[in-house]
Amino acid sequence: MIKLNIFQAAISAALAVFLALNLITIATNSVTVSAGIDDSVSDAAFVTISFVNQDPEPVMPGERLELKFKAENMGTKPANDVTVELLPRFPFSVDESEKTKPVGTLSGRQKGKDAVLARFFLTVDVTAGSGMNPIALRYRTASQGWTVIDSFNVSIGRRDLPLAVTSVA
């Protein structure tokens, strides 16, 4: 019985350390995934890529949409030659020339208002159904291979049209 409690405590501690080392924040229709240990990294690059928005929202089947991502470096060392790539699958399509965006070098602590925006333009297939549809992204730096970011959701559906009453009989 005592050995089991010690084992459970060890597993709980290991899980807490794992969660602390892997910064993943998921908010409503937003995903931030970080490659690094945490925001207190003092002697390394610490790249984060965050989903900013989609326009229009929701997008209708057959329409083009814009997706924006924010690239930041929370570390103190530069992240050189950062590249962001969209990994579309049905119902999304993207021109090859639009698939990969060079971000460039992110200086140490380049974040917030100094972050770099990566913009992608996609088309939604005319046969796409309404709802949330996943799309993935990955990035790399000069010193690190590709890091795939968890999928995030793009809203597809009909937009409510404003209704204005001009007269009442």
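User: Is Glu 66 buried or exposed?

Analyst: Buried is under 20% relative accessible area, exposed is over 50%, and partly exposed sits in between (1.4 Å probe, protein chains only). Glu 66 comes out at 11% relative accessibility, so it counts as buried. Before we go on: this is a predicted model, where local features need pLDDT of at least 70 and side-chain atom pairs count only at pLDDT 80 or more, while totals for chains, interfaces and linings use all residues. Residues are numbered from 1 along each chain as its sequence is written, and side-chain values use heavy atoms, with hydrogens and water left out.

User: Which residue forms a salt bridge with Glu 66?

Analyst: A salt bridge here is a side-chain nitrogen of Lys or Arg within 4 Å of a carboxyl oxygen of Asp or Glu. For Glu 66 the partner is Arg 119, with the closest N and O atoms 2.4 Å apart. Arg 119 sits in strand β8 (residues 116-124) and Glu 66 in strand β4, so this pair links distant parts of the chain, 53 residues apart; strands (E, at least two residues) are DSSP runs, numbered from the N terminus, as are helices (H or I, at least four). Arg 119 is partly exposed, at 40% relative accessibility.

User: How many salt bridges does the structure hold?

Analyst: There are 7. Among them is Asp 43 with Lys 77, closest N and O atoms 3.3 Å apart. Asp 43 is in the loop between β2 (30-35) and β3 (47-55), and Lys 77 is in the loop between β4 (64-73) and β5 (79-87), so the pair ties together parts 34 residues apart in sequence. Asp 43 is exposed at 55%, and Lys 77 is partly exposed at 40%.

User: In what order do the strands of the open sheet run?

Analyst: Two strands pair if DSSP finds at least two bridges between them. Here 4 strands form the open sheet, in the order β7-β5-β9-β10, with antiparallel pairing. β7 (100-106) and β10 (144-156) are the edges: each has a single partner strand, so one side of each has no neighbour in the sheet. Inside the sheet, β5 and β9 (residues 131-141) pair over 5 bridges, and Thr 83 stands opposite Arg 140 in β9.

User: What is the mean pLDDT of the protein chain?

Analyst: pLDDT is the predictor's confidence in each residue, from 0 to 100. The chain's mean is 82, and 75% of its residues reach 70 or more. Over residues 14-37, though, the pLDDT is below 50.

Terms used: Contact means heavy atoms within 4.5 Å.
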